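Please walk through this structure, taking a strand residue, the helix packing and the salt bridges in turn.

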Amino acid sequence: MFRSLRRALCAAAAALLLPLAGVQAAHAAAAPAAGAGYWHTSGRQILDASGQPVRIAGINWFGFETANYVVHGLWSRDYKSMIDQMKSLGYNTIRLPYSDDIFKSTTVPNSIDFSGGKNADLAGLNSLGVMDRIVSYAGQDGLKVILDRHRPDSGGQSALWYTSAVPESTWIANLKALASRYAGQDTVIGIDLHNEPHDPACWGCGDQATDWRLAAQRAGNAVLSVNPALLVFVEGVQSFNGVSGWWGGNLMGVGQYPVQLDVPNRVVYSAHDYATSVAQQSWFSDPAFPANMPGVWDKYWGYIFKQNIAPVWVGEFGTMLQSTVDQKWLAALVGYLRPTATYGADAFHWTFWSWNPNSGDTGGILKDDWATVDTVKDGYLASIKAPGFPAGGGGGGGGGGGTTAACSAVYSVSSDWGSGFNADVKVTNTGTTALTSWKVTWTWSGSQQVTNMWNASYTQSGGTVTAVNAAHNGAVAVGGSASFGFGGAPGGGAVPSLSCTAV
C-alpha cells in the first residue's frame, strides 16, 4: 500500500549525548564518552552500560533486502567513505535493512565496484561477510548499528512476519543467528524484528497467526536467549480498534497490550511516519495542519514516551521535500522529536529514510551522484542530531596517553557558478586527546561573504570568518574528523589558509 512504490524501486535498483537538561548538567563533561557497552532501557530512556542516557540519531542505508543483497551505492563508492561521510554529517547510528535471502548459501552480493581499489576488502565475501565489514568499520568510526529484518525475501514487503516460503521458524532462526553472530560486538545494539507489519496484522487480538505483539514476544525472547544484551525494537501495526495509520506506525495498542520479554528493560517501540510524497493521509488536509500533527503523533505512538512507558524510536521518516505540505510536516516532526540542545537524550530516537538517493518516494540525504549531500534536507535534521559513540564498537578509543588537543582543517570548493559557491571544511583531530569543541578561522582576500552555513555556526567581520562546531559534532575522537559546509558569494575566490583551534 503506502510503501509499494518505494520498495519496488529499491528492488529494481542494480545524543547529543548530553545528560538530561537541568539537574544533571554538572555531568556534561562526561558526555563524549557516553554510549559505551551494550544498552538497556529505563522508562522512556535508553541508557548505556554506565547508566548515561544516549540518543539514537541516525540514517537508513538500504540494499541488503533487495536483489543486490548488499547496501546500495557500492557501485559508485567505497563503503568506508560513505560511513565516514555519515559520521561527518552527525549521524551516529546506521539502520541496515536485510531480507532472509542473505542467509541462503546461493546468495551472492552484486553491483560492487572494485576498480581503483574501492571496496577491496569485500571481494569474495558473501552478504553476511560484507555486513561484518560494515559493522566493524562503523564501530571504528563510533557509529552504532541496528539490524532490520525488512522482508522475508528480496521480492517485496510482507504484511505478516512470515510467508508460505519463509515460515515463522525460519524468521526466528535467522534472527537468532544474527544475534549470536554479533554477540560481544556492541556496535550492534539491537534488532528491529520485522519491518512495517500491516493489515491483517493485529495488536492484542490474541490470534497466534496475526497478533504481531505475541509474535514479537516470541521472536524477542528467542533473540535474547542467545544474546541477552541486545535491545529489541518492535514496530507498530497499521490498524488498532478500527483506527488505521501508516504501516508499522500504529502503536496505540501498547498501553493495553505491552510487549513483555523474559529479559527486562530491552524493549524499544518503533514507529514509521511519512509525508504526502509517500501517501496522502487525512491529517494533511486538516485545516489545522500542521498544528494538528503533535496530537496525531501523540495518539499513535508519542504517548508511549510521554507516559514514560518505554523509549520510542522513529525508525523511518522521509520525504521528497518538494511540496509545502511535506516541508511543514518535516519541520513539525523534527520539533516534536525534541531538539538535542534543549533536551539532551531525553528525547525520541530516530533514523531518517534514507541515506540512499534511489528511494522512489522519498529520495535520500545523498543526491543521485551518491556523493553530493542534499544540504536542505540534511539541514532540517540538524537540531536533533547527536554525536557518535566511543570508537571500536563501544570498547573505548578516541583517547590516548597524552593531553594535547590539536586539530587541522581542509577547505574545498564543491561547486562554483560565478555569482556564488558552495564549500566544505573537514576538521581532523590531530592531537592526542579527544576534542570537545573546535573552531576554524580564515580570511578571504576578496569580497566573499558567507550566505548560509550548516553543521557549524559562524561570525564574519570583513573578510575574516570564524566557524564554531554545532552541538552535535564538537566531540571528535583522536584521528577522527567532523565536517561543515557553507554557501558564499561571489564565486571565483582563492582558497584561503585555515587555522583550527581545539578546545
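This is a predicted model: local features need pLDDT of at least 70, side-chain atom pairs count only at pLDDT 80 or more; totals for chains, interfaces and linings use all residues.

With a relative accessible area of 0%, A271 is buried. Apart from neighbours within four places in sequence, the residues in contact with A271 are G248, G249, L251, W301, W313, V314, G315 and E316. S483 is 212 residues away from A271 in sequence, and the two C-alpha atoms are 30 Å apart in space.

One of the contacts of A271 is W301, and W301 in α6 also takes part in the contact of that helix with α7. Two packed helices are described by the angle between their axes and the distance between the axes. For helix α6 (residues 293-306) and helix α7 (residues 324-336), the angle is about 30° and the axes are 12 Å apart. Angles under 35 degrees count as roughly parallel, and α6 and α7 are therefore roughly parallel to each other. Their crossing is right-handed. On the α6 side the contact is made by M293, P294, W297, D298, W301, G302 and K306, and on the α7 side by W329, A332, L333 and Y336. By class, the residues of this contact comprise 8 nonpolar, 1 polar and 2 charged.

D298 and K306, both listed on the α6 side of that contact, also meet each other through their side chains in a salt bridge, with an N to O distance of 2.9 Å. D298 counts as partly exposed at 25% relative accessibility, and K306 is likewise partly exposed, with a relative accessible area of 46%.

The crossing of α4 and α5 is right-handed. From α4, the residues E168, W171, I172, L175, K176, A179 and S180 meet W212, A215, R218, A219, A222, V223, S225 and V226 of α5. The contact of α4 with α5 divides into 10 nonpolar, 2 polar and 3 charged residues.

R218 is partly exposed, its relative accessible area being 24%, and E168 counts as partly exposed at 21%.

Side chains of opposite charge can pair when their charged atoms come close. In the model the count comes to 16 salt bridges. Another of these joins D121 and R133, whose closest N and O atoms are 3.5 Å apart. D121 lies in the loop between β5 (93-99) and α3 (127-140) and R133 lies in helix α3, so the pair ties together parts that are 12 residues apart in sequence. Relative accessibility is 27% for D121, which counts as partly exposed, and 33% for R133, which also counts as partly exposed.

Salt bridges also link R95, D148, D192, E235 and E316 in a network.

Notes: Residues are numbered from 1 along each chain as its sequence is written. Side-chain values use heavy atoms; hydrogens and water are left out. Axes are lines fitted to C-alpha atoms, for helices over the stretch in contact, and angles run from 0 to 180 degrees between N-to-C directions. Helices (H or I, at least four residues) and strands (E, at least two) are DSSP runs, numbered from the N terminus. Angles under 35 degrees count as roughly parallel, over 145 as roughly antiparallel, 65 to 115 as roughly perpendicular and the rest as oblique. A crossing is left-handed if the near helix is turned anticlockwise from the far one by less than a right angle, and right-handed if clockwise. Contact means heavy atoms within 4.5 Å. Ala, Val, Leu, Ile, Met, Phe, Trp, Tyr, Cys and Pro count as nonpolar, Asp, Glu, Lys and Arg as charged, and the others, Gly among them, as polar. A salt bridge is a side-chain nitrogen of Lys or Arg within 4 Å of a carboxyl oxygen of Asp or Glu. Buried means under 20% relative accessible area, exposed over 50%, partly exposed in between (1.4 Å probe, protein chains only).
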